[in-house]
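Welcome! Take a moment to look over the sequence and the 3D structure, and then we can walk through a few places together.

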Amino acid sequence: MKASVIIPVYNDPRVEACILSLLEQDYPKELYEIIVVDNNSNDSTQEVIQRFNVKYVREDRKGSYSARNKGLEIASGDVAAFIDADCVADPHWLSKLLEGFTDPLVGGIGGRILKLEPQTWVQANAEDLAEQQLAPQYLPFHDAPYIVTANAAYRMTVLRMLQGFDARFQSGGDVDLAWRVQAAGFTIVTAPDAIVYHTARETVKGYFKQYFTYAAWHVLLFKKHRQNRGFFTNTYPFSGVGGLLFSVMPSMAMRKLSGKPRAVKKREMYMALVKYVAIICGNLYGAIKYRVLYF
């Protein structure tokens, strides 16, 4: 089975480490190609990419899903495997990711996503992306699971049939694709042994923006896939904030009784609060922007 590994990148020199990890895969070299799609970078990214024996193509339309679609245009594999520019692949990643395609009903496979060694306290306390994608993920307004394109692979025949990603999405296009794959009669599974290491956001501002963006684009996902539902109430962030508030007093009491600082716990709680507030704000922004009753 031949694979096309597609990496979208915009102004991110970390793509060098990603490419190096892909060149060291234990999958037969003649059975996979690496396609790096430069999403109109204006720094040294192009020079970094062109130092390697990979396919280079440029996509000027903004958005990682436009970039991935561009990669699909020149891909020759039976399967398209996706990874992000800020990720590093385990040497066994590709071979483990492709194993599940022996089942003809499997349309997409998601691998495990672990955090790279943290460099800041924000990264150390950030939530794992997609809960490490040990299992398919769900959004509360839809009953089908999804996988994220930081570590995912799809049959090329299915991607061609569905015409790739919906490039209207700046975030959430991987969710939309997974749902459409399942609507076409294929299944989505995960491969926990297919591991990539992902760089968590370095700052609180970056972490807030990450979840704000997710939440805002989830509103557009709801609008596209709501199946005659007129509105949706996302109780998740509100219950999360409530849970944090109820845990503050016991945590303070334990700290006072033990006489020991619990800085790590405080940082975990703070980062969780940042996430929940970002989701609430992102949902509100998305509801206004896309004119949908989503709150």
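## A residue in strand β7

Asparagine 151 sits in strand β7, which covers residues 151-155. Keep in mind as you explore that this is a predicted model. Is asparagine 151 buried or exposed? With a relative accessible area of 0%, asparagine 151 is buried.

Which residues are in contact with asparagine 151, once neighbours within four places in sequence are left aside? Among them are Phe82, Leu97, Ile109, Gln133 and Val196. Trp93 is on that list too, and here the side chains of asparagine 151 and tryptophan 93 make a polar contact at 2.6 Å.

## Looking at the cysteines

How many disulfides does a search of the whole structure find? The search comes back with zero. Take cysteine 87: the nearest cysteine sulfur belongs to cysteine 18 and is 6.6 Å away. Cysteine 87 is in no disulfide, because a disulfide needs the two sulfur atoms within 2.5 Å.

Cysteine 87 has 1% relative accessibility, so this residue counts as buried. Cysteine 281, on the other hand, counts as partly exposed, with 32% relative accessibility.

Where does phenylalanine 295 lie? You will find phenylalanine 295 in the segment after β10, a strand made of residues 293-294. The relative accessible area of phenylalanine 295 is 47%, so this residue is partly exposed.

How values were computed:
Residues numbered from 1 in each chain as written. Predicted model: local features only at pLDDT ≥ 70, side-chain atom pairs only at ≥ 80, totals over all residues. Heavy atoms only, no water. Buried < 20%, exposed > 50% of the residue type's maximum accessible area, 1.4 Å probe, protein only. Helix = DSSP H or I, 4+ residues; strand = E, 2+ residues; numbered from the N terminus. Polar contact = N/O pair within 3.5 Å; in protein donor to acceptor, adjacent residues only side chain to side chain. Contact = heavy atoms within 4.5 Å.
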